[in-house]
Amino acid sequence: IMDLRLDYRFYDIQSGAGWTDGRDTVRASVYAGRDDMDMDPTTIDWGNYAVPVNWSKALSDDFRLRGSLSWSWFDQTFTVADLETMGNSVQDIKMRQEMSWRSAWNSTFLAGGEATRIRSRLTSRDLTDGSVESARPDPVWLWEPYLSSAWTLPAGWTVSVGVRESW
């Protein structure tokens, strides 16, 4: 009844590098991926890219500082024949920093925060007359401080509690 034929192509590339001296670490990686699907007369393509850097620094045997900085980008485009193309794009930069304390009574306390800057764009292009509509809202910041604690109990059980606020 129906001849479903998908012309689909994709790639994923990932690499990473790390360093440690036994106590402190730094790790970085890069990811890139694209997908393209042609279902004549419609095509859809999308992709994402990410570059995170993570670090951990021992301040003493019981205190540790951890952090990360990452950039990511996602976009997609939807084209219908030679009539219209619609797409969106989202980029973000995320920063995280936390301090952990391993206490004498078999528990770990964390205090930290994350900040994320998100920028998006929506586009629609009429391919018959060349008109373009585009929306690029102002970047948005998300802020998330948190506190948490985890206790390791006998027999491998762990009890965790925490609070996180986002705005």
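What follows is a chat about a predicted model of one protein chain.

Trainee: What should I know before I start?
Mentor: Two things. Residues are numbered from 1 along each chain as its sequence is written, and side-chain values use heavy atoms, with hydrogens and water left out. The model is predicted, so local features need pLDDT of at least 70 and side-chain atom pairs count only at pLDDT 80 or more, while totals for chains, interfaces and linings use all residues.

Trainee: How many helices and strands does the protein chain have?
Mentor: Zero helices and nine strands. Both are DSSP runs, numbered from the N terminus: helices are H or I with at least four residues, strands are E with at least two.

Trainee: Why is the protein chain more spread out than a compact globule?
Mentor: Its radius of gyration is 23 Å, well over the 15 Å that the globule rule gives for 167 residues, so the chain counts as more spread out. That radius is taken over C-alpha atoms, and the rule is 2.2 Å times the number of residues to the power 0.38.

Trainee: What box do the C-alpha atoms fill?
Mentor: Roughly 70 × 35 × 35 Å, along the principal axes.

Trainee: And how much of the protein chain is buried?
Mentor: Buried residues make up 18% of the 167. Buried means under 20% relative accessible area, exposed means over 50%, and partly exposed is in between (1.4 Å probe, protein chains only).

Trainee: On to the strands. How do β1 and β2 pair?
Mentor: In the antiparallel sense, over 14 bridges. Strand β1 covers residues 7–20 and β2 covers residues 25–39. Two strands pair if DSSP finds at least two bridges between them. Ala17 stands opposite Ala28 in β2.

Trainee: What sits in the turn there?
Mentor: The hairpin has four residues between β1 and β2. Gly22 in the turn has a positive phi of about 100°.

Trainee: Which strand does β2 join next?
Mentor: It is joined to β3 by 13 bridges, and the two run antiparallel. Their hairpin has two residues between the strands. Tyr31 stands opposite Ala50 in β3.

Trainee: How many bridges link β3 and β4?
Mentor: 17, again antiparallel. Strand β3 is residues 42–58 and β4 is residues 63–80. Four residues lie between them in the hairpin, and Trp55 stands opposite Gly67.

Trainee: What about β4 and β5?
Mentor: 18 bridges join them, and they run antiparallel. Strand β5 is residues 84–102. Thr77 stands opposite Gly87 in β5. Their hairpin has three residues between the strands, and Ala81 takes a positive phi near 45°.

Trainee: New topic. Is Thr116 buried or exposed?
Mentor: Buried, because its relative accessible area is 5%. Thr116 lies in β6, residues 107–126.

Trainee: What is Thr116 in contact with?
Mentor: Leaving aside neighbours within four places in sequence, Asp92, Ile93, Lys94, Val140, Trp141 and Leu142. Contact means heavy atoms within 4.5 Å.

Trainee: And where is Trp143 found?
Mentor: In strand β8, residues 140–152. Trp143 counts as partly exposed, at 39% relative accessibility.

Trainee: Which residues does Trp143 touch?
Mentor: Glu114, Ala115, Glu165, Ser166 and Trp167, not counting residues up to four places away in sequence. Arg117 is 26 residues from Trp143 along the chain, and their C-alpha atoms are separated by 9.1 Å.

Trainee: Last one. Where do the side chains of a regular strand go?
Mentor: They alternate between the two faces of the sheet.
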